[in-house]
Amino acid sequence: MMMGFSVSDELLGTVAPIVVYWLYSGIYVALSSLESYRLHSKAEEEEKNLVSKSSVVKGVLLQQLVQAVVAIILFTVTGSDAEADKAQEFSLLVLIRQFVVAMIVLDTWQYFMHRYMHHNKFLYKHIHSQHHRLIVPYAYGALYNHPAEGLILDTVGGALSFLISGMSPRTSIFFFSFATIKTVDDHCGLCLPGNLFHMVFKNNSAYHDVHHQLYGSKYNFSQPFFSMWDRVLGTYMPYSLEKREEGGFEARPTKEFKDD
């Protein structure tokens, strides 16, 4: 007689985003050979980036370890999945509301923290500049940050979005997996036809690529979902997506910004 095996929602909520990160990144690694859809050539990726890919992998694994520990603590403090499910009946409207609230909370936290890390010279030099060693972003470098930045922007931001939205551990499995996929997509360096993220969100791989270039370092701070705070607070850099003669695309800022 076979014994049943079940995995708690808390454990899935902790592990699922990590698994999704590497699986989704792997898809983009396979697609990165499609030069006609790249925002930068492979040669540019090798020449411009200031950190090895092995160091990036180690940095991401360290951040995911910290996030997993914080997630376990958060789920322990806020109660079990059974208690959460009992406290709120499932409703599609409730689920949508929780997702929207969590997205706005995460975007708001990350915009202001991200912008401050650019404007504070000490924080930029000693913490945030690590992420900008990837001048040409790629998928599995999405979470390559200084451990302190990973804790402040991603882990604390994720905890706030979880708590303020009032979602259960079960709902968080889907929300944080979705947020992870979106973050990987923003850093993938590709503009693929039919990409739903590019159709629905103005904040996409081209939008974030502008920020990683020197001319855009004081613009396009918004991440990972909407571009509202950049537009409201005047840090949005308009750009056009144009085909390069040698193949692929280039996100080019408008002339008035280029001349600043």
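Helices (H or I, at least four residues) and strands (E, at least two) are DSSP runs, numbered from the N terminus. Valine 101, for example, lies in helix α5. This is a predicted model, where local features need pLDDT of at least 70 and side-chain atom pairs count only at pLDDT 80 or more, while totals for chains, interfaces and linings use all residues. Residues are numbered from 1 along each chain as its sequence is written, and side-chain values use heavy atoms, with hydrogens and water left out.

**Records from UniProt**

- UniProt positions are given in the numbering used here, feature names are shortened, and annotations may be inferred rather than shown by experiment.
- An unreviewed UniProt entry places "domain: Fatty acid hydroxylase" on residues 99-235.
- In the model, residues 99-235 are 60% helix and 0% strand. The end C-alpha atoms of that span are 25 Å apart.
- The unreviewed entry also lists "transmembrane region" for residues 12-34, 55-78 and 90-112.
- Residues 12-34 are 87% helix and 0% strand, with end C-alpha atoms 33 Å apart.
- Residues 55-78 are 100% helix and 0% strand, and their end C-alpha atoms lie 35 Å apart.

**Aromatic pairs**

- A pair of aromatic rings is described by the distance of the centres and the angle of the planes.
- Rings of Phe, Tyr and Trp (its six-membered ring) pair if their centres lie within 6.5 Å; planes under 30 degrees apart count as stacked, over 60 as edge-to-face and the rest as tilted.
- The structure holds 21 aromatic pairs.
- One of them joins phenylalanine 99 and phenylalanine 175 edge-to-face, at 5.4 Å centre to centre and 90 degrees between the planes.
- Phenylalanine 99 sits in helix α5 (residues 92-119) and phenylalanine 175 in helix α8 (residues 169-186), so this pair ties together parts 76 residues apart in sequence.
- Both phenylalanine 99 and phenylalanine 175 are buried. Buried means under 20% relative accessible area, exposed over 50%, and partly exposed in between (1.4 Å probe, protein chains only).
- Phenylalanine 201 and phenylalanine 226 form a tilted pair, 6.1 Å centre to centre with 45 degrees between the planes.
- That pair links distant parts of the chain, 25 residues apart. Phenylalanine 201 is in the loop between α9 (196-200) and α10 (205-212), and phenylalanine 226 is in the loop between α10 and α11 (228-232).
- Phenylalanine 201 is buried, at 9% relative accessible area. Phenylalanine 226 is partly exposed, at 27%.
- Ring pairs link Phe99, Phe175, Phe176, Phe178, Phe197, Phe201, Phe225 and Phe226 into a cluster.

**Charges over rings**

- A charge sits over a ring if NZ of Lys or CZ of Arg is within 6 Å of the ring centre and within 35 degrees of the ring normal.
- Lysine 53 has its charged end over the ring of tyrosine 138, 5.5 Å from the centre.
- Arginine 231 has its charged end over the ring of tyrosine 236, 4.1 Å from the centre.

**Salt bridges**

- A salt bridge is a side-chain nitrogen of Lys or Arg within 4 Å of a carboxyl oxygen of Asp or Glu. The count comes to 10 salt bridges.
- Glutamate 35 and arginine 38 meet in one of these, at 4.0 Å, N to O. Glutamate 35 is partly exposed at 32% relative accessibility, whereas arginine 38 is buried at 4%.
- Glutamate 44 bridges to lysine 48, with the closest N and O atoms 3.5 Å apart. These two are four residues apart in helix α2 (residues 42-48), so about one helical turn separates them.
- Lysine 53 and glutamate 46 form a salt bridge at 3.5 Å, N to O. Lysine 53 is partly exposed at 34% relative accessible area, and glutamate 46 is exposed at 55%.
- Salt bridges that share partners join Glu35, Arg38, Glu45, Glu46 and Lys53 into one network.

**Backbone features in the α10-α11 loop**

- Most residues other than glycine have a negative phi, and most peptide bonds are trans.
- Asparagine 220, in the loop between α10 and α11, has a positive phi near 55 degrees. Asparagine 220 is buried, at 0% relative accessible area.
- A cis peptide bond joins glutamine 223 and proline 224, with omega about -5 degrees. Proline 224 is also in the loop between α10 and α11.
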